[in-house]
Amino acid sequence: MERQMLRATIDKLKKNGYLEICDVEVDPKYELGGVLKHYKNERPMLFNKVRGSKTSVVGALFGNREIYYDLLNVTHEERIAKFINAMMNPKPTKLLDKGPIMENILTRNIDLKSMLPVPTYHGKDSSSYITSGMLVVKDPQTGKRYVSVRRFQMLKGNKMSALIASPFLTREFQALESKNKPLEVAVVLGYDANLLLASQISSETYGLDKYEVDSALRGEPLELVKCHSVDLEVPAHAEYVFEGIIPPNKRELEGPFGELMGYYGSQAPHPIIEVKVIMHRNNPIFQTAFPCPQEHLSNGLIREIEVYSRLKALVDVKDVNVTIGGGYRFHVVASIHKKFDGDGKSAILGVLASSTDVKHVVIVDEDVNIFDHDEVEGAMASRFQADHDLVVIGGALGSGLEPSHVVRGITTKMGLDATKPLGDDCIKFEKARIPNFEKIDIKKYFPNIEK
Ligand SMILES: Cc1cc2nc3c(=O)[nH]c(=O)nc-3n(C[C@H](O)[C@H](O)[C@H](O)COP(=O)(O)O)c2cc1C
């Protein structure tokens, strides 16, 4: 029985009835993505017959909040404390001499497109893309490890594009490039919920070894092995590792690519990876993620910790929802126990300042379920007055993933304080309740009803 990475994930999904298995042939060009999207990328799927390949493809693994909590062995209520604890107390990893990832080591005749069932998702995408590869690099000065999820455009032969949208990576690569030196990299496929979550922590903000945060999260050391040709460590139980270099002073066009918010990111020159070695398990499973908000849940969960921590310093925060509709980054709903009149506005300022990405925030009282859009809308309808309770901040920096910001170059941020007033007026907001409503057992009245 496997404990770490994709095979353990698939076992658990199967055991808990979450995995759909497709034995009908699907085309990796458009069709596979279309099937994933049918259930909004929230239903994990294993495709056993992918046209042109003998390799199975798995997708939509980490896009549903309930399933993701199950894979992390955490409840909604526990999540923030558990994630903060893992970030504050990283634990050592374990380096093994050998691991299943070393079952096959290919060093010659690498042709990525013909060897892998890499999907193409949207009509105007420039190529097929590895959409959820875990990029592993090491700081050559300090030896510190960095892991993050990126997309990789398939190019000819052993080449793929590397989209380096990280301040650390950009700096590191530019320093090496100025000395005409390559950057060693590995791209990992076949990871699990813990490693994905850890990978979403910002290196620029926290500077953590994300492998060690992963060990703390999973409650046992993450098992790693050394790469075959580069000085990097990778998960011993992963499915694929692509080892190689980013050569200095080489660029190829990347994009267009249909990104998470459903718009095409534009074409631009980007560095490339030359893959020198592929390690893979026997009967490897190719992991993909449709580019959509749902697959960015892991990123949103980390953002929820960040917003929560900000708010904790300002108000009595109860819970935070970084919402799917806002791509798990642009929209926040937070509930607070309001103690002072200014708490709603303080909370708005705290949330908007937590990240350049956050664009709109709604603050509600703790009696509102922030994961129920109808309840949030109800609070906006009944507790919010725009001339008093709206905060608008123009001319702010936004996100390049959001076209209305890209068009203007700046963003207008907005906060809605939908909390009820304190004091005597509070009585007007008492919610009507049915006594003992929670105790009603509906099966008593309709014995055959399912739910
Ligand atoms: C499915 C998925 C795909 C992602 N694709 C990209 C990408 O193509 N480029 C990118 O810069 N970040 C991407 N991200 C976000 C980064 O992985 C994330 O911001 C990470 O924390 C960056 O780590 P760093 O601070 O060490 O650079 C993706 C995240 C997920 C969950």
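## Shell around the ligand

Strand 7 contributes four residues to the shell around the ligand, which is the most that is given to it, and in this predicted model both strand 7 (145-153) and helix 10 (297-312) supply at least two residues each. The shell holds 18 residues, and those that come nearest to the ligand are Val149, Arg150, Arg151, Ser203 and Lys210. Sorted by class, the shell around the ligand consists of ten polar, four charged and four nonpolar residues.

Because domain 1 (5-281) and domain 2 (296-422) both give residues to this shell, the ligand lies between them.

## Polar contacts and burial

A polar backbone atom of Arg151 is 3.0 Å from an oxygen atom of the ligand, and a polar backbone atom of Gln200 is 3.1 Å from an oxygen atom of the ligand. The ligand taken alone exposes 640 Å², of which the protein buries 84%.

## Second largest pocket

Two or more lining residues come from each of helix 1 (5-15), helix 3 (65-72), helix 7 (193-199) and helix 9 (210-218), and helix 1 gives the most, with six residues.

By class, the lining of this pocket has nine charged, seven nonpolar and four polar residues.

Conventions: Residues are numbered from 1 along each chain as its sequence is written. This is a predicted model: local features need pLDDT of at least 70, side-chain atom pairs count only at pLDDT 80 or more; totals for chains, interfaces and linings use all residues. Side-chain values use heavy atoms; hydrogens and water are left out. A residue is near a molecule or strand if one of its heavy atoms lies within 4 Å of it. A polar contact is a pair of N or O atoms within 3.5 Å; within protein, one must be able to donate a hydrogen and the other to accept it, and residues adjacent in sequence count only if both atoms are side-chain atoms. Accessible areas come from the Shrake-Rupley method with a 1.4 Å probe; for residues, only the protein chains shown count as cover. Ala, Val, Leu, Ile, Met, Phe, Trp, Tyr, Cys and Pro count as nonpolar, Asp, Glu, Lys and Arg as charged, and the others, Gly among them, as polar. Domain bounds come from an automatic or database domain assignment.
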